[in-house]
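Morning, everyone. I have one structure to walk through today. Please have a look at it before I start.

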Amino acid sequence: METKAPVTSIPKDTPSLKAHRRQRFWGITLPVVLAALLVVACVVWLSLGSPGASVNNPALSQALSVLIILPMMAAALIFFVLLAGLVFGLSRLYKVLPGVSAQVLAFFHQVLAYTRTGANMAARPVIAFRSNMSRVNQVITSFDQRIRSKGK
């Protein structure tokens, strides 16, 4: 009997994981936080820091509108690209699907044929045994009835 080696879990503090955490912080988290702080600082500077700034200043309101709309447009562009990719992929899949589905159907018909053959081969000894037992029982019953009918 073979014994399997116990499954060991991955250590949580390997040097590569520590390096990954450092790189993730310096490469992703820090730049995103700094960009967000920069946008907030620009909005605050535009709204409060400019001399003579008021709510009625059209240049200030236009700049603030642009700062508000740009992130939404970037997110919309990302979703548009994803949607266009999905449409393109589904159109390619729609062209390929009939041929592939015919191949899959043929494969499953072949699997069905092999499964039926295997099931018939597995059941053949049981059916043969029961058939032979029924013949033996019939012979015994017939023999018993002849002996009893001659004895009366």
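Is Val111 buried, partly exposed or exposed? Val111 counts as partly exposed, at 33% relative accessibility. Here buried means under 20% relative accessible area, exposed means over 50%, and partly exposed is in between, with a 1.4 Å probe and protein chains only.

A word on the source. This is a predicted model, so local features need pLDDT of at least 70 and side-chain atom pairs count only at pLDDT 80 or more, while totals for chains, interfaces and linings use all residues. Residues are numbered from 1 along each chain as its sequence is written, and side-chain values use heavy atoms, with hydrogens and water left out.

Now the overall picture. The chain has two helices and zero strands. Helices (H or I, at least four residues) and strands (E, at least two) are DSSP runs, numbered from the N terminus. Of the 152 residues in the chain, 3% are buried. The chain exposes about 14100 Å². Carbon and sulfur atoms supply 71% of that area. Accessible areas come from the Shrake-Rupley method with a 1.4 Å probe; for residues, only the protein chains shown count as cover.

Back to Val111. Val111 sits in helix H2. Together with Val96, Val100, Val104, Phe107 and Phe108, Val111 forms a nonpolar surface patch. Their accessible area together is about 510 Å². Patch residues have over 30% relative accessible area and no salt bridge; nonpolar side chains (Val, Leu, Ile, Met, Phe, Trp, Tyr) are joined within 5 Å, like charges within 9 Å.

Next, the aromatics. The whole structure holds two aromatic pairs. Phe25 and Trp26 have ring centres 5.1 Å apart and planes at 80°, so this pair is edge-to-face. Phe107 and Phe108 also pair edge-to-face, at 5.5 Å centre to centre and 65° between the planes. The rings of Phe, Tyr and Trp (its six-membered ring) pair if their centres lie within 6.5 Å; planes under 30 degrees apart are stacked, over 60 edge-to-face, the rest tilted. Phe107 is partly exposed at 48%.

Last, charge. How many salt bridges does a search of the whole structure find? One. A salt bridge is a side-chain nitrogen of Lys or Arg within 4 Å of a carboxyl oxygen of Asp or Glu. Arg148 pairs with Asp144, with the closest N and O atoms 3.2 Å apart. Both lie in helix H2 (residues 58-151), four residues apart, about one turn of the helix. Arg148 is exposed at 56%, and Asp144 is partly exposed at 34%.
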